[in-house]
Amino acid sequence: MWWSRWMKHLRSAGSRMYAGMHDPLDHVTGLEKRELLAHLAGDCDPFRIMAIKKGPGTRERPNLIPSAYNRRLMGCSCSPHDNHVEYMWLHLGCPKRCGCGYWFELCPVAPL
Ligand SMILES: [Zn+2]
């Protein structure tokens, strides 16, 4: 009861001190702000770090790995029963085959 009257008083008295928190978007800058804007735009993976489900993975239709750079370190979970991940570097324009037989190729994407 008293709390609501007190808050009403603070708001009506022109006090901006307790009016509320600022929007987090006003506090962040740089890369963090671009990440937050991407999230607000609906892109839940702006850095393309979430796992990708493997497709056919043949030499003609390799699995495309997004990257904003000329190379990227990627991990392949070769078998669902394996408890380890095989890591390898992918370079732009050089499709690569993992030990499990799947092919991967770097797919350029715009940087964040
Ligand atoms: Zn593999």
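Guide: Gladly! Let us start with Phe47, which lies in the loop between α3 (30–40) and β1 (63–67); helices (H or I, at least four residues) and strands (E, at least two) are DSSP runs, numbered from the N terminus. This is a predicted model, in which local features need pLDDT of at least 70 and side-chain atom pairs count only at pLDDT 80 or more, while totals for chains, interfaces and linings use all residues. Residues are numbered from 1 along each chain as its sequence is written, and side-chain values use heavy atoms, leaving out hydrogens and water.

Visitor: Why is Phe47 called partly exposed?

Guide: Buried means under 20% relative accessible area, exposed over 50%, and partly exposed in between (1.4 Å probe, protein chains only). Phe47 has 35%, so Phe47 is partly exposed.

Visitor: And why does Cys94 count as partly exposed?

Guide: Its relative accessibility is 44%, so Cys94 counts as partly exposed.

Visitor: Which residues coordinate the zinc ion?

Guide: Cys76, Cys78, Cys98 and Cys100 do, each through SG, at 2.2 to 2.3 Å. Donors are N, O and S atoms within 2.8 Å of the metal (3.2 Å for Na, K and Ca); water is not among the atoms, so sites may look incomplete.

Visitor: What makes the site of the zinc ion tetrahedral?

Guide: Four donors count as tetrahedral if all angles lie between 85 and 135 degrees. The angles among the four donor atoms here are 102 to 113 degrees, and the site is tetrahedral.

Methods:
Tetrahedral: all angles 85-135°; square planar, octahedral: opposite > 155°, others 65-115°.
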